[in-house]
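Q: Could you take a close look at one part of this model for me, the place where the two chains meet? I'd like the cut-offs spelled out as you go.

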Amino acid sequence: MIVQCELCPKLCVIPPGQSGDCRIRVNLDGKLCAVTYGYPSAVHIDPVEKKPVNHFLPGTTIFSIATVGCNLHCKNCQNWEISQCNPEQAAAVSLPPEQIALEARKYGCRSVAYTYTDPVAYYEYTLDGCIRVREAGLKNVLVTAAYLNEKPWRELCRYVDAATVDVKAFSEKFYREICNATLQPILNCLVVAKSLGVLVEMSNLLIPTLNDSDRDIGGLCRWIKENMGRETPLHFLRFFPHYQMRHLPPTPAATLDRARQIAIASGLNYVYVGNLLVEDAQSTHCPSCKNLLIRRIGHSVIQNVLASGRCPHCQTEIYGIWN
Amino acid sequence: MELTRRSFGKLLLGAFCAVLAGAWGLTQRLAPVSFVKALRAKFPGKLRRLDAAAVRQVGKWRG
């Protein structure tokens, strides 16, 4: 019997014995099965700033897990060795949802990240993990492209504390040609997550000539301000040649600086640059009095003067989860 | 044997039912059954032990 997966907008029709576009949702005997449920292929302790998440428990470590598989196929994928890997060819550890929080605590982590590939592809494991982790008193962070249908996304967001959503470009053409996906469902998921109280940060990997024009960057910034609010942190990330996009050079520092200036001029309060050491571009300033609140170098927090989530100078509340 | 109007009608009805049943079965096989959530299944790859030293290392992957 043929099955149709209605998890993400791709709506894969899957013949018996075959998998959907994500490689990990398989038609076994007429039933849709998640073959990586409980079997992450990557388990690490990362600084939370690496996700990137700058407004969530700064300076802490986060228990980070991922199974193989992804429902996007970005030609520039930096994690293609696990995201575009067939589960049959992968190695994994057994880590059922009920053990995730135990392991996270063992390593001194206050939160868990579902990351590296896309946690919406291994949806059931992410959802059950989030439920168990929250029951255990820890927090959940998604690192995702948010290419998911609204109903399952709403259910997942009930258990998610923070999400960093990677918007690949503000262009349907880019999504179709580079990622084998579409933009609109992602924008929808972003608005839904924000409306459900999830702390949302956004990232945008700038690829020379493909998504780095003033029009692309300005369009994204305007959309964020109008639909997500100016308090939404935005990270511009440096591209490095990877996977099927080795012919393009790394993003010049000047492009990242230009993007940051456009975003600030658009009225966004918190704009960061990642994958490149730039003095001050990873630090958090008060949007009212402009004083330095959190100084970062790379993924390290050097100084944090926030007092109960407020600027100690002018008492402005800073968007984020700080305790 | 003489084919009466009644037995011809029965034959025609039988053939029609057979075609209908075949078409129904084919539709059931070809029309996809929709799922949002997937069931758990056996991991088809290689299993290894959780290595504490490897876990403590910062992930080499982005994100």
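A: Here is a walk through the interface, with the numbers and the rules behind them.

Some housekeeping: this is a predicted model, so local features need pLDDT of at least 70 and side-chain atom pairs count only at pLDDT 80 or more, while totals for chains, interfaces and linings use all residues. Side-chain values use heavy atoms, with hydrogens and water left out, residues are numbered from 1 along each chain as its sequence is written, and chains are lettered from A and ligands numbered from 1 in the order in which they are written.

Let's start with the contact itself (heavy atoms within 4.5 Å). Chain A puts in 53 residues and chain B 33 residues. Together they bury about 3900 Å², with 61% of that on carbon and sulfur atoms; buried area here is the accessible area (1.4 Å probe) that two parts lose on being put together, summed over both.

On the polar side, the interface has 23 residue pairs in polar contact, both residues at pLDDT 80 or more. That term means a pair of N or O atoms within 3.5 Å; within protein, one must be able to donate a hydrogen and the other to accept it, and residues adjacent in sequence count only if both atoms are side-chain atoms. Several elements of chain A give two or more residues to the side touching chain B, among them strands S1 (3–5), S3 (25–28), S4 (31–34) and S5 (42–47), plus helices H3 (123–135) and H4 (150–157). Helices (H or I, at least four residues) and strands (E, at least two) are DSSP runs, numbered from the N terminus. S5(A) supplies the largest share of that side, 6 residues. By class, the side has 31 nonpolar, 10 polar and 12 charged residues; Ala, Val, Leu, Ile, Met, Phe, Trp, Tyr, Cys and Pro count as nonpolar, Asp, Glu, Lys and Arg as charged, and the others, Gly among them, as polar.

Salt bridges (a side-chain nitrogen of Lys or Arg within 4 Å of a carboxyl oxygen of Asp or Glu) come to 2 across the interface. A:Asp166 forms a salt bridge with B:Arg62, with the closest N and O atoms 3.7 Å apart. Over all chains, the search finds 15.

Now the strands, which pair if DSSP finds at least two bridges between them. One open sheet of 3 strands runs S2(A)-S1(A)-S1(B), with mixed pairing. S2(A) (13–14) and S1(B) are at its edges, each with a single partner strand, so one side of each has no neighbour in the sheet. S1(A) pairs with S2(A) in the antiparallel sense over 2 bridges, and A:Val3 stands opposite A:Ile14.

S4(A) and S2(B) run parallel, joined by 2 bridges, and A:Ala34 has B:Arg40 as its bridge partner.

Finally, the rings: there are 5 aromatic pairs over all chains. Rings of Phe, Tyr and Trp (its six-membered ring) pair if their centres lie within 6.5 Å; planes under 30 degrees apart count as stacked, over 60 as edge-to-face and the rest as tilted. A:Tyr39 and B:Phe43 have ring centres 5.3 Å apart and planes at 25°, so they're stacked. This pair crosses between chains, from the loop between S4 and S5 of chain A to the loop between S2 and S3 (46–47) of chain B.
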